[in-house]
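Hi there,

Here is the structure I promised to pass on. Have a look at it first, and then read my notes below.

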Amino acid sequence: MASQFNKEREIPVSSQEFPGKEHKMPDPQATRDQLPADGEGNKMTYRAADKLRGKRAIITGGDSGIGAATAVLFAREGADSTIAYLPDEEKDAQETRRQVEELGAQCHLIAVDMTSRGNCKKVVDFAMDKMGGVDILFNNLAYQMVVEDIADLSEDQWVHTFNTNIHSFFYTSKYALAHMKRGATIINNASINAYIGRPDLLDYTSTKGAVVSFTRGLSNQYLSKGIRVNAVAPGPVWTPLIPATMSEKAQKEFTSPMGRPAQPSEIAACVVFLASSDSSCVSAQTIHCNGGVVVNG
């Protein structure tokens with residue numbers, strides 16, 4: 001089989017129930033610390049440089065996909081993590097912890113549904129108890145489900161998507177900021193869909209627009225206090241969310257101008273940049289790690 005970084009590679013179509021499981025994804029598996037080495041499909045292991053030595057991070061949706069890759073790269077850079085995930089995702093979460101601990105970092109697991117404000121506070125309290133502080137918050141968890149027409153988009157799905165994708169970001173940020181000190185960072189996971197207006201993900205797209213605005217407003221509140229807030233806006237990324245929420249047609253069209261979706265590791269590398277002092281003069285901004293789509297914003 002061709003390398004997962006080969007731009008001619010076709011995405012294997014599969015189907016899962018939500019939430020998707022990374023260990024059930026078809027080959028090629030999503031990568032957590034492998035990056036393209038060239039344009040020929042070769043890859044290399046992420047090269048760390050102690051950028052986050054001694055830092056403590058909360059990663060929501062950290063069991064798989066972008067969240068898991070971020071936990072692994074954070075560990076390579078010297079940071080401990082607390083990852084939150086749904087109870088059904090336990091196997092993926094345990095594998096993420098195994099990889100993080102093999103790299104010499106700590107990884108604390110909390111299985112919880114973060115669509116309620118109480119559970120968002122529970123995650124922050126748990127992280128404080130386990131790590132003694134919070135230096136980085138990566139608001140990453142998300143829900144989506146393809147619906148072609150607003151007439152078929154149920155009110156319950158609309159509310160659930162907002163509870164997951166933006167309300168949890170607000171609550172977790174609010175509770176974490178009570179413990180964050182100067183030099184801390186918040187990174188929010190937005191999406192290319194906020195900029196292109198994807199029609200079959202109306203509720204998801206709407207929440208991601210809210211994430212961009214939330215990022216800008218919160219940065220303007222906290223920059224004077226020495227806390228930076230930024231976002232990443234991925235394009236297509238090969239994560240368990242894809243086979244769990246997209247139709248066969250949508251999966252076949254799941255690509256970018258690079259001719260492939262990104263791997264979670266490629267987005268995680270951008271999160272590392274925003275979490276570290278390498279981005280010391282960057283706040284209220286969005287990194288468009290979308291595979292080459294030109295957007296304005």
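In helix α1, Ala68, Ala71, Val72 and Ala75 meet Thr96, Gln99 and Val100 of α2, where a contact means heavy atoms within 4.5 Å. By class, this contact has five nonpolar, two polar and no charged residues. Here Ala, Val, Leu, Ile, Met, Phe, Trp, Tyr, Cys and Pro count as nonpolar, Asp, Glu, Lys and Arg as charged, and the others, Gly among them, as polar.

Please keep in mind that this is a predicted model, in which local features need pLDDT of at least 70 and side-chain atom pairs count only at pLDDT 80 or more, while totals for chains, interfaces and linings use all residues. Residues are numbered from 1 along each chain as its sequence is written, and side-chain values use heavy atoms, leaving out hydrogens and water. The pLDDT is the predictor's confidence in each residue, from 0 to 100. Its mean over the chain is 89, and 84% of the residues reach 70 or more. Over residues 1–11, however, the pLDDT is below 50.

Back to the helices. Two packed helices are described by the angle between their axes and the distance between the axes. The axes are lines fitted to C-alpha atoms, for helices over the stretch in contact, with angles from 0 to 180 degrees between N-to-C directions. Helices (H or I, at least four residues) and strands (E, at least two) are DSSP runs, numbered from the N terminus.

The axes of α1 (residues 65–76) and α2 (residues 90–102) come within 8 Å and cross at roughly 15°. These two helices are therefore roughly parallel, a term for angles under 35 degrees.

What is the angle between α4 and α6? They pack at about 15°, with their axes 9 Å apart, so α4 and α6 are also roughly parallel to each other. Among the residues making this contact are Trp158 and Phe162 of α4 and Tyr204 and Phe214 of α6. The contact divides into 13 nonpolar, six polar and one charged residue.

Not counting residues up to four places away in sequence, Asn193 touches Arg198, Leu201, Tyr204 and Thr205.

Asp149 lies in the loop between β6 (136–139) and α4 (155–177). Asp149 is partly exposed, at 39% relative accessible area.

Best wishes

Definitions and conventions:
Buried < 20%, exposed > 50% of the residue type's maximum accessible area, 1.4 Å probe, protein only. Parallel < 35°, antiparallel > 145°, perpendicular 65-115°, else oblique.
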